[in-house]
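Thanks for asking me to look through this one. My notes are below as numbered points, to be read alongside the model.

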Amino acid sequence: MHIERYGKGNDAFLCLHGWNGSHRTFAPLANGLPDGVALWCPDLPARDSLNEVTAELEGLTHSIPGPLRIIGNCSGALHGLLLAERVRAERIVMIDAFAFLPVYFQLFLLPVIGQIAYWTAFANPAGRWAANLAVARHRKGSTDLTEGFRRVNHAETYRQLQLLGELQSPERFRGLCGQVDIVYGERSFQAVKKSAAIWKRIFPAAREFSLSGAGHLPILEATTQLQRVIFQESPCRV
């Protein structure tokens, strides 16, 4: 499992990317990191089960200094919650995290037709261009929501989606200890905003933040606002 570290120090965060992402997802946060802060950013491994992925992440936590603090982007937040079932997390920052699998993702998991739909939408340049155009209102004009699919192993990426489809109700995470921050882009998908309400019911003490002007890629589109949420007290709390 490749691990990229941004920054130096013992004030550490474990950063878990989302579907089709990589350690590069968190590179924008590395600019202007506070002194002593380090971001530990693994490339999530392709495995046959969620338990195997979580076990590898659990092993990684033994090398990270200080209490466990997690930043999870999109589906990376779900991996963070699964890890927090095994290792107590002092804090979990959930960025644009789905609490359920939207219908447009469920389509990709249908027998036979699902794989065809995935490869059509994401495994060729024309499909990616069309998909990015279709979600234009959920991103800034210069942002490409499908860019990450250009350099992935599509068989592994599709398997990751299948694993996410196996997750049961988010209610399983009720009762986890630690501070939870629910963060999403103001212009993100409705499914993300509905998910934020679900997460808030599951974690009543959670803090909720809407990032002004951002779509589904807040790390890239609202970097400074997000840095305030994670490393300071942000004024954009809902």
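**Notes on the model**

1. Let me begin with the charged pairs: the structure holds eight salt bridges, a salt bridge being a side-chain nitrogen of Lys or Arg within 4 Å of a carboxyl oxygen of Asp or Glu. Please keep in mind that this is a predicted model, in which local features need pLDDT of at least 70 and side-chain atom pairs count only at pLDDT 80 or more, while totals for chains, interfaces and linings use all residues. Residues are numbered from 1 along each chain as its sequence is written, and side-chain values use heavy atoms, with hydrogens and water left out.

2. One of these bridges joins the side chains of D11 and R69, with 2.1 Å from N to O. D11 belongs to strand β2 (residues 11-16) and R69 to strand β4, so the bridge ties together parts that are 58 residues apart in sequence. Helices (H or I, at least four residues) and strands (E, at least two) are DSSP runs, numbered from the N terminus. R69 is buried, at 15% relative accessible area, whereas D11 is partly exposed at 30%. For these words, buried means under 20% relative accessible area, exposed over 50%, and partly exposed in between, using a 1.4 Å probe and protein chains only.

3. A second pair to look at is E58 with R86, where the closest N and O atoms of the salt bridge are 3.2 Å apart. Here E58 sits in helix α2 and R86 in the loop between α3 and β5, so parts that are 28 residues apart in sequence are tied together. E58 is partly exposed, with a relative accessible area of 24%, and R86 is partly exposed at 38%.

4. R159 and E166 also form a salt bridge, their closest N and O atoms being 3.8 Å apart. R159 is partly exposed at 25% relative accessible area, and E166 is partly exposed at 44%.

5. Which residues other than glycine have a positive phi? C74 has a phi near 55 degrees, and D96 has one near 50 degrees. C74 is in the loop between β4 (68-73) and α3 (75-84), and D96 is in the loop between β5 (89-95) and α4 (103-106). C74 is buried, with 12% relative accessible area; D96 is buried too, with 0%. I would be glad if you looked at both loops in the viewer.

6. On a 1 Å grid over the protein atoms alone, a cavity is a set of points where a 1.4 Å probe fits but cannot get out, and lining residues have an atom within 4 Å of a point. Grid points are joined across faces, edges and corners, and a volume is the space filled by probe spheres set on the points. The largest cavity holds about 120 Å³ of space.

7. What lines the largest cavity? Its lining has 13 residues, and those nearest the centre are L44, P45, H79, Q160 and L164. At least two lining residues come from each of α2 (50-61), α3 and α7 (154-165), with α7 giving the largest share, three residues. As for T54 in helix α2, this residue is buried at 4% relative accessibility. The C-alpha atoms of T54 and L44 are 9.6 Å apart, and the two residues are ten apart along the chain.

8. Helix α5 has a buried side. G114, A117, Y118, A121 and F122 of α5 are buried. Viewed down the axis of α5, these buried residues fall within an arc of 100 degrees, so they line one face of the helix; the arc is that of the directions from the helix axis to the C-beta atoms. An α-helix has 3.6 residues a turn, so residues three or four places apart point the same way.

9. Finally, the surface: L107, L110 and I113 make a nonpolar patch of about 250 Å². Patches are made of residues with over 30% relative accessible area and no salt bridge, with like charges joined within 9 Å and nonpolar side chains (Val, Leu, Ile, Met, Phe, Trp, Tyr) within 5 Å. Accessible areas come from the Shrake-Rupley method with a 1.4 Å probe, and for residues only the protein chains shown count as cover. L110 is in the loop between α4 and α5 (113-122) and is partly exposed, with a relative accessible area of 40%.

Notes
1 Å grid on protein atoms, 1.4 Å probe; cavity = no way out; pocket = protein on both sides within 12 Å on 5 of 7 lines; lining within 4 Å.
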